[in-house]
Amino acid sequence: MQARAGTRARAGMRAGRDTRAGVPTAWPGGGAVGAPYRGRVSIPSGQSAGRSRPQRARRTDSAGAVYGSLLATSVVATAGTAGEYPRVQLVVLLIVTGLVFWATHVYAQLAGERLVGEPWSRREIRRVALHEWPIVEATVLPAAAVALSAVLGLDYVATAWLAMGVAVTQQVAWACLGAARAGATRGQLATEGVVNLVLGLVLVATKAALKH
């Protein structure tokens, strides 16, 4: 009897030390710590698991088109009238400028990723090139407007204003479309439109002031 009492006392002292040390002396539902846990582990599934996972952000990718439109407006605003074929020169200038800025953006993005340890690959180059391609696409409509101006009977001055009007219009349209895809409210859409319209009109006003 005394031996059993001593054994229980020593077991109680060990349990007390384990409790004070923050170590549980038994699993939930019973069972010693040394024994394998036979309880159930709750694993989230379905909607609860979906909520616990980070959601991948959706991108609208309209920045390139907005930038390209603003670039086209600036090209037309600063283009001169020298040369025998000013319309052809302006069309070439629009397309070439778009291509050069597109290549510059692609290189800058790839170089920046290389600096953080990401090597270049054909797949990555193609991804970045396609992502920045709207810069070139945004110069197509203003260039088409310049090319068609002769058919419409417009002189070069009217051609330049037509091209700038097309560029500013598509800039506002792309900005509003990107905001709408991102779930912007009506007020935010209006703000996007006004901001981009002002940016475009600054270049238009500059051309008007310089009488270029």
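The protein chain contains nine helices and zero strands, and its elements run α-α-α-α-α-α-α-α-α from the N terminus on. Helices here are DSSP runs of H or I with at least four residues, strands are runs of E with at least two, and both are numbered from the N terminus. The model is predicted, so local features need pLDDT of at least 70 and side-chain atom pairs count only at pLDDT 80 or more, while totals for chains, interfaces and linings use all residues. Residues are numbered from 1 along each chain as its sequence is written, and side-chain values use heavy atoms, with hydrogens and water left out.

**The whole chain**

The protein chain exposes about 14,600 Å², of which carbon and sulfur atoms supply 63%; accessible areas come from the Shrake-Rupley method with a 1.4 Å probe, and for residues only the protein chains shown count as cover. Of its 212 residues, 26% count as buried. Buried means under 20% relative accessible area, exposed means over 50%, and partly exposed lies in between (1.4 Å probe, protein chains only). Among contacts between residues at least 6 apart in sequence, 67% join residues at least 24 apart, a contact being heavy atoms within 4.5 Å.

**Helices α3 and α9**

Next, select residues 63-78, helix α3, together with residues 186-210, helix α9. Two packed helices are described by the angle between their axes and the distance between the axes. Here the angle is about 10° and the axes of α3 and α9 are 9 Å apart. The axes are lines fitted to C-alpha atoms, for helices over the stretch in contact, and angles run from 0 to 180 degrees between N-to-C directions. Helices α3 and α9 are therefore roughly parallel to each other; angles under 35 degrees count as roughly parallel, over 145 as roughly antiparallel, 65 to 115 as roughly perpendicular and the rest as oblique.

Show the side chains between these two helices. Helix α3 contributes Val66, Leu70, Thr73, Ser74, Val76 and Ala77 to the contact, and helix α9 contributes Asn196, Leu199, Gly200, Leu203 and Lys207. Centre on Ser74, in helix α3, which counts as partly exposed at 22% relative accessibility. From Ser74 to Leu203 the C-alpha separation is 6.3 Å, although the two are 129 residues apart in sequence.

**Further along helix α9**

Remain on helix α9 and pick Leu197. Leu197 is partly exposed, with a relative accessible area of 38%. Leaving aside neighbours within four places in sequence, Leu197 is in contact with Val168 and Val172.

A distance drawn between the C-alpha atoms of Gln188 and Cys176 spans 8.9 Å, the two being twelve residues apart along the chain.

**Helix α4 and the nonpolar patch**

Select Tyr67, Tyr85, Val88, Val92, Val96, Val100 and Phe101, which make a nonpolar surface patch of about 610 Å². Patches are made of residues with over 30% relative accessible area and no salt bridge, like charges being joined within 9 Å and nonpolar side chains (Val, Leu, Ile, Met, Phe, Trp, Tyr) within 5 Å. Helix α4 (residues 86-115) gives the most to the patch, with five residues. Val100 has its place in helix α4 and is partly exposed, with a relative accessible area of 46%.

Thr97 also lies in helix α4, yet Thr97 counts as buried at 14% relative accessibility. Apart from neighbours within four places in sequence, Thr97 is in contact with Leu71 and Val75.

Side chains of opposite charge can pair when their charged atoms come close. A search of the whole structure finds one salt bridge, defined as a side-chain nitrogen of Lys or Arg within 4 Å of a carboxyl oxygen of Asp or Glu. Arg127 forms a salt bridge with Glu124, and their closest N and O atoms are 2.5 Å apart. Both residues lie in helix α5 (residues 122-132), three residues apart, about one turn of the helix. Arg127 is partly exposed, with a relative accessible area of 39%, whereas Glu124 is buried at 17%.
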